Amino acid sequence: VEVWNGRWNPANEKSLEIWHNLLSAGHRSIAFAATDLHGGKNLGIPCNAIWGEELSQKSLNLSMHKGNSYLVQDPGVNMDFFAYCTKDTSKIYHMGDQLIRHSSVKASFSANRDGHVILLDQNGKLHEQEVRAGEKYSLEVPDNSFFIRVELRDANNNMIALSNPIYCCQLSTTFPLIQKN
């Protein structure tokens with residue numbers, strides 16, 4: 001789902017709300033950013049940051065399909081967002097992954113920009129706080145969250161970065177998948 005096109009604006013905010021509602025209803029849907037280039041300005045604003053096993057078209061396509069990506073206002077923004085079970089910190093789950101919950105869960109966030117980070121799940125905002133560039137933050141994840149995602153916004157509430165979700169489920173269940181978009 002394209003949730004961000006061009007500079008952050010009210011239409012993007014509405015697209016983000018629709019996408020979040022899809023996730024909350026159980027749809028596994030991947031967010032993307034795009035640019036409609038008219039007149040040669042703002043190419044690559046916003047853009048998608050994709051994590052792949054290797055730098056190849058096959059690996060990047062697989063990562064995009066899985067949701068191993070996040071959206072940024074420009075190519076200079078870097079963000080790290082992952083989750084882990086507190087009884088096994090060696091296994092980390094990235095955006096697009098499905099975390100099998102066997103103990104309490106924490107999420108870790110950092111970025112190379114100052115801003116206001118918001119942790120969300122299907123019920124909306126879980127946590128908000130100001131963050132400083134380069135610092136790492138650890139956030140508790142409620143037991144009933146079936147996905148988590150983060151937004152990093154500036155002082156004017158414009159989006160700096162937006163993650164795809166990390167899906168969470170109990171050991172005996174799976175994410176309540178309705179349909180894959």
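Reader: Which residue is the bridge partner of Phe109 in strand 11?

Author: Strands of a sheet pair through backbone hydrogen bonds, either parallel or antiparallel. In this predicted model, the bridge partner of Phe109 in strand 11 is Tyr137, and 5 bridges join strand 8 (residues 105-111) to strand 11, the two running antiparallel. Two strands count as paired if DSSP finds at least two bridges between them, and strands are DSSP runs of E with at least two residues, numbered from the N terminus.

Reader: What is the order of the strands in the open sheet?

Author: The open sheet has 4 strands in the order 6-5-8-11, with antiparallel pairing. Its edge strands are strand 6 (88-94) and strand 11 (137-141), each of which pairs on one side only.

Reader: Which strands does strand 9 pair with?

Author: Strand 9 is joined by 7 bridges to strand 10 (residues 124-131), running antiparallel, and a hairpin links the two through 2 residues; here Ile118 stands opposite Glu128 in strand 10. Strand 9 also pairs with strand 12 (residues 147-153) in the antiparallel sense over 5 bridges, where His116 stands opposite Arg153.

Reader: Why is strand 9 described as largely enclosed by the rest of the structure?

Author: Because 6 of the 7 residues of strand 9 (residues 115-121) are buried, this strand is largely enclosed by the rest of the structure, where buried means under 20% relative accessible area (1.4 Å probe, protein chains only).

Reader: What should I keep in mind about numbering and confidence?

Author: Residues are numbered from 1 along each chain as its sequence is written. Local features need pLDDT of at least 70, side-chain atom pairs count only at pLDDT 80 or more, and totals for chains, interfaces and linings use all residues, while side-chain values use heavy atoms, leaving out hydrogens and water.

Methods
Buried < 20%, exposed > 50% of the residue type's maximum accessible area, 1.4 Å probe, protein only.
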